[in-house]
Amino acid sequence: MTGMSRTPHLDAGMAAGASQGGLRSWTVKANAVLGHVVAVPAALLVLAEVAVLSAGIVARYVFRSPIVWSDELAGILFLWLAMFGSVIAFQRGEHMRMTAIVGIVRADVRAFLDVVAAAASLAFLALVVWPAYEFAADEAFVTTPALEIVNSWRAAALPIGIGLMLVAASLRLIRIASLRSLLGSLAIVAGIIGTFVLLAPVLKPLGNLNLLIFFVFVVGAMVFAAVPIAFAFGLATVGYLALTTSTPDVVMIGRMDEGMSHLILLAVPLFVFLGLLIEMTGMARAMVGFLASILGHVRGGLHYVLVGAMYLVSGISGSKAADMAAVAPVLFPEMRQRGAKPGDLVALLAATGAQTETIPPSLVLITIGSVTGVSISALFTGGLLPGVVLAVMLAAVVWWRYRREDLSHVKRATGRQIGRAFVIAVPAIALPFVIRTAVVEGVATATEVSTIGILYSACAGLFIYRQFDWRRIYPMLVETASLSGAILLIIGAATGMAWALTQSGFSASLAKIMTSLPGGVPVFLAVTIVTFVILGSVLEGIPAIVLFGPLLFPIARQVGVHDVHYAMVVVLAMGIGLFAPPFGVGYYAACAISRINPDEGMKPIVGYMIALLIGTLIVAAVPWLSIGFLEKP
């Protein structure tokens, strides 16, 4: 008769548990429906981008009659792709976050912190969804020049994407959290936000001290608490603007839109898809087979190939994320099979991103030339050798780490085998050279060549390698959208943060301090390196250059530093900051592209970053490395 002895409290608890279980079941179904609603148009948007850009290329180069609206339509579709991709990434839990700290705590504490991180993301989305709507509504007064339609058709992607993420965040909270942890996490996040709101009268008089509070302590706390990076950047920026300035919230949305809408970034999803296509068609296997036949018997051989490959393809897209997306999918599978640890792979990929910042055609160098008046051709010439110096430093670390690698199971390829592998790989190996030549010679833009690469790879897979699995196309398109959305949302949030730093007057204060430094050139360059490592960790390269280039380059000339030499030091130092965790956006982009948890690369990347810093100091100490090949006036 024990079944008759239940207490009312137990019955109530079981009823509550059954009710919560039913609610979770409903959220799982709702989340699945939302996933299909977003994934299908996201996949179609990737295809549409390829189709629109392909049509533009054919019209321009075959019929000599450019389609004037193709780039404009591609830009409109791109913002929708970025936002839908962000929703998919949120659903899949693929937005980059740093879990090194939460990973060492007890399982129950870690689970609760995961709920808190989801609640913080929800808070950011709730705070910006209305400003996003206002921004889109304001764009109704703007007409696009080519299509002559109201710009709200493009800007509406922001409130709709943020709204869908808000729904996904709510469903995720209900799905992963017990009622107690759900209420507790919401109370913690609301309490922290409420405390800052109450402290607003105290914060406003603090001036630039608020930069330290919001962009160091608040961002740092959220990053270490495993809040996704994009949402940590966004929430801190919204808090800073709302509580310490009179700036309307809609400005943050405008800056995010600006950061995510650069047409050059369209190369990111296209190169992501190109990388997946190269792997699926067998081109990657052919390329890696040839490279392995040359260096496969050398300890750490494919790691050297990664360093060299990034040097070769760097700049072909104008986006470092796209460069990494073009290389990593080709090499990583084989490197994993040879025993390389995931953390070391993503660490080296991020390090090569920093190493190749000066390799032409670099968008950062072009920006420096445009805002400072330095010759762009001189910058392109001066950027080659510093990249080699840093490549040698990274190769030294690879040699040290893999000097005892067991290659007893790897046989050295014969000349005949190398020749056969080369013949098989020629169509694949030709692709990066075609892409780079087309961009360097001005034949096509980075976005156009990524489209050409997709068409080229599809034809090679269908007619040369005879490998083309049509069933994999849809998952590849959805994966492309998700990965691109995760990367682009980080860039958008970082752009908003960069703008906030600009408006604070921080850049002018920095220039004033550096002007008054004693010690001449060595001290000035040392401070420049430290400064731009820090700036690179919180700003994207181009915003940092636009902000500080016009201020600091005249100072460099006054103390006797050559413009090109100073540009190389600035770019290399900024690259270290951009790709160094825990704040460097580039590092998390490398993790997103590699599908590797950021925690795994934290320890291995230290050695590579030290090597890059030593290389940068060498470049700073030896001006000839930057200006030795310049034409004498």
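Which residues touch the most other members of the largest nonpolar core? In this predicted model, they are Phe215, Leu306, Phe532, Tyr566 and Tyr588, in a core of 214 residues. The points below look at that core, at a pair of packed helices, and at a residue in a loop.

**The nonpolar core**
- Helix H20, which covers residues 473-503, gives the most to this core, contributing 16 residues.
- Phenylalanine 215, one of the residues named above for touching the most other core members, is in contact with Asn210, Ala236, Thr237, Tyr240, Met497, Ala500 and Leu501, once its neighbours within four places in sequence are left aside.

**Helices H24 and H27**
- Two packed helices are described by the angle between their axes and the distance between the axes.
- For helix H24 (residues 563-579) and helix H27 (residues 604-621), the angle is about 170 degrees and the axes lie 10 Å apart.
- Because angles over 145 degrees count as roughly antiparallel, H24 is roughly antiparallel to H27.
- On the H24 side, the residues that meet H27 are His565, Met568, Val569, Leu572, Ala573, Ile576 and Phe579, while H27 brings Ile605, Met609, Leu612, Leu613, Thr616, Val619 and Ala620.
- Sorted by class, this contact of H24 with H27 has 12 nonpolar residues and 2 polar ones, with no charged residues.

**Leucine 517**
- Leucine 517 sits in the loop between helix H21 (506-515) and helix H22 (520-538).
- Its relative accessibility is 29%, so leucine 517 counts as partly exposed, a class that lies between buried, under 20%, and exposed, over 50%.
- Leucine 517 and valine 527 are 10 residues apart along the chain, and their C-alpha atoms are separated by 8.9 Å.

Notes. Residues numbered from 1 in each chain as written. Predicted model: local features only at pLDDT ≥ 70, side-chain atom pairs only at ≥ 80, totals over all residues. Heavy atoms only, no water. Helix = DSSP H or I, 4+ residues; strand = E, 2+ residues; numbered from the N terminus. Buried < 20%, exposed > 50% of the residue type's maximum accessible area, 1.4 Å probe, protein only. Core = buried A, V, L, I, M, F, W, Y, C linked by side-chain atoms within 4.5 Å. Contact = heavy atoms within 4.5 Å. Axes fitted to C-alpha atoms, helices over the stretch in contact; angles between N-to-C directions. Parallel < 35°, antiparallel > 145°, perpendicular 65-115°, else oblique. Nonpolar A, V, L, I, M, F, W, Y, C, P; charged D, E, K, R; others polar.
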